[in-house]
Amino acid sequence: MSANYRIAVNVEWTSKCNALCPMCPRDAIRRPEVMPIETWRKTLERLSPAEVFRVVLAGYGEVTTHPRFAEFVEAMRDHPVRFDMVSNGHLLDPEKIARLDGVIDLLIVSFSSVDPEVYGRVHANLNQQRVMENIKRAQEMFRHTKLGISLTPMPECLPSLPDTIGWLRAQGIDLLTMSPTLYNRGGSLKEYELASNELRRLISVHGLHSQELDFIPGVGEIYRQWRSNRFKCVPRNVDLFVAANGDYLYCYNDAAHRNAIGNVMTDSIAQTIRRREDMAAIDSLCGPCNMRDRYGPVELLRVGMNMAGARLRRTS
Ligand SMILES: C[S@@+](CC[C@H](N)C(=O)[O-])C[C@H]1O[C@@H](n2cnc3c(N)ncnc32)[C@H](O)[C@@H]1O
Ligand code: SF4
C-alpha cells in the first residue's frame with residue numbers, strides 16, 4: 001500500500017562530475033558510478049504521480065556528463081510524473097537544450113557568480129564564459145521548459161550577488177533560487193559556516209525564491225509525513241534519493257552513499273518509504289548534520305505560512 005503522503009525523488013544519473021566545487025562533498029564517494037539504462041527504466045516504472053509529486057534529476061554528480069544522456073531523456077518523454085533537472089550548465093549544448101525542451105518542467109542551472117575569480121574558485125574546473133553563453137542560449141531556445149538558476153549560498157559569492165542577479169535578470173531569467181542553508185552534508189563539510197538568517201535576509205532583499213519550499217508538497221502532507229515517521233527529520237522524510245547504482249539512500253545528505261535502504265531493482269518506493277518510517281536516526285550521519293532539527297514546529301509553521309503566501313501571490 002502507498003504512504004498517505006507524497007514525496008520528492010532525487011535521482012542521480014551519475015555520481016561523476018566535470019567540476020570540483022568546494023561546497024560539494026562528492027570526494028566522499030569512493031567509487032563514482034554511471035547509472036545503467038536498465039536501472040533508469042526500472043526507476044521510471046516505479047515512479048507514480050500518486051506517490052511522487054516531483055522528480056529532481058541531480059544527485060551528487062553532473063547529469064549532462066552521462067554518456068547515454070539522449071537515451072535517458074527519451075526514456076522519460078511522456079512519463080506522467082513531473083521531472084526537473086539540475087546542472088552546472090557547462091555541457092548544455094543546443095542539442096541537449098532542444099532535447100530537454102518540454103520533457104522536463106524546469107531546468108535549474110547552478111551559478112555562483114559573474115565575477116570570474118569567484119566563479120573559478122567556486123565552480124572549479126568549469127568555463128564561466130561557456131556556462132554564461134549556455135544559460136543565454138537555453139533562455140532563448142526553451143519554449144516549454146522553464147529555466148531557473150540556483151545561486152550558490154557560499155560566503156564568497158555574496159559580495160558579487162547583486163551583480164550576478166543583475167546579469168541574470170538582464171537575460172530575462174526571473175526564477176532565481178537560493179538555499180537558505182549551506183548544508184554540511186551529514187557533517188562531511190566542516191569548513192563552511194553561514195548563518196541561515198543572513199541567507200534568508202538576502203533571499204528576501206533580492207526577491208529570490210527560497211529552495212526550502214521546493215521539497216514540500218503541501219501543509220497537510222507535511223503533517224502526515226510528520227506523523228508517520230518515527231524520526232521527525234523533515235529533510236529526510238520529504239525526499240527519497242536514488243543513487244546511480246539504483247540504491248535508495250536513507251537520506252540525500254549521505255554524501256558517501258553508505259546507507260542504502262533498498263534498491264530500485266527489487267523494492268518499490270512505497271515499500272522503501274515504509275521501511276524508512278520505522279528507522280531511527282543514524283548517529284554517524286545525523287549526529288553532526290546541520291539539517292537535523294532544522295524544521296521544528298515553529299519552522300514548519302513559518303514554512304507553511306510562506307507556502308500559503310506564495311500560493312496567494314501566484315493566484316492573484
Ligand atoms: C549537488 S549539486 C549537483 C547537480 C549539478 N552537478 C550542479 O552542480 O548543479 C545541486 C545543487 O546543490 C547546490 N549545493 C551544492 N552543495 C551545497 C551545499 N553544501 N549546501 C547547499 N546547496 C548546495 C548547488 O549549488 C547546486 O545548485
Ligand atoms: S539529520 Fe540525518 S536524516 Fe536528517 S537531514 Fe541530516 S543526515 Fe539526513
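Guide: Two residues are in contact if their C-beta atoms, placed from the backbone, lie within 7 Å. The model shown here is predicted. In this protein, residues 24 or more positions apart account for 76% of the contacts with a separation of 6 or more.

Visitor: How many helices and strands does the protein have, and what percentage of its residues is buried?

Guide: The protein contains 12 helices and 10 strands. Of its 316 residues, 38% are buried.

Visitor: How does one describe the packing of two helices?

Guide: Two packed helices are described by the angle between their axes and by the distance between those axes. Here, helix H1 (residues 37-46) packs with helix H2 (residues 69-76) at an angle of about 20°, and their axes are 10 Å apart. Angles under 35 degrees count as roughly parallel, and H1 and H2 are therefore roughly parallel to each other. The crossing in which H1 passes H2 is right-handed.

Visitor: Which residues of H1 and H2 make the contact, and how do they divide by class?

Guide: H1 contributes Ile37, Trp40, Arg41 and Leu44, while H2 contributes Glu71, Phe72, Ala75 and Met76. By class, the contact of H1 with H2 has six nonpolar residues, no polar ones and two charged ones.

Visitor: Let us turn to a single residue. Where is Asp254 placed, and is Asp254 buried or exposed?

Guide: Asp254 lies in the loop between strand S9 (247-249) and strand S10 (260-263). A residue is buried if 20 or more other C-beta atoms lie within 10 Å of its own. Asp254 counts as buried because it has 25 C-beta neighbours inside 10 Å. Asp254 also illustrates separation in sequence and in space: Asp254 and Ala28 are 226 residues apart in sequence, yet 9.3 Å apart in space, C-alpha to C-alpha.

Visitor: How is the surrounding of a ligand read? Which residues are the closest to ligand 1?

Guide: One lists the residues of the shell and then their classes. Ligand 1 is surrounded by 18 residues, of which Glu62, Asn88, Ser110, Ser150 and Tyr183 are the closest. The shell around ligand 1 consists of 10 nonpolar, six polar and two charged residues.

Visitor: Which residues come nearest to ligand 2?

Guide: Among the 12 residues around ligand 2, the nearest are Cys233, Cys251, Cys286, Cys289 and Arg292. Helix H9 (234-237) and helix H11 (283-286) are the elements that give two or more residues to this shell. The shell around ligand 2 divides into eight nonpolar, two polar and two charged residues.

Conventions. Residues numbered from 1 in each chain as written. Chains lettered and ligands numbered in written order. Predicted model: local features only at pLDDT ≥ 70, side-chain atom pairs only at ≥ 80, totals over all residues. Near = placed C-beta within 6 Å. Nonpolar A, V, L, I, M, F, W, Y, C, P; charged D, E, K, R; others polar. Helix = DSSP H or I, 4+ residues; strand = E, 2+ residues; numbered from the N terminus. Axes fitted to C-alpha atoms, helices over the stretch in contact; angles between N-to-C directions. Parallel < 35°, antiparallel > 145°, perpendicular 65-115°, else oblique. Left-handed = near helix turned anticlockwise from the far one by under 90°. Buried ≥ 20, exposed ≤ 12 C-beta atoms within 10 Å, placed from the backbone.
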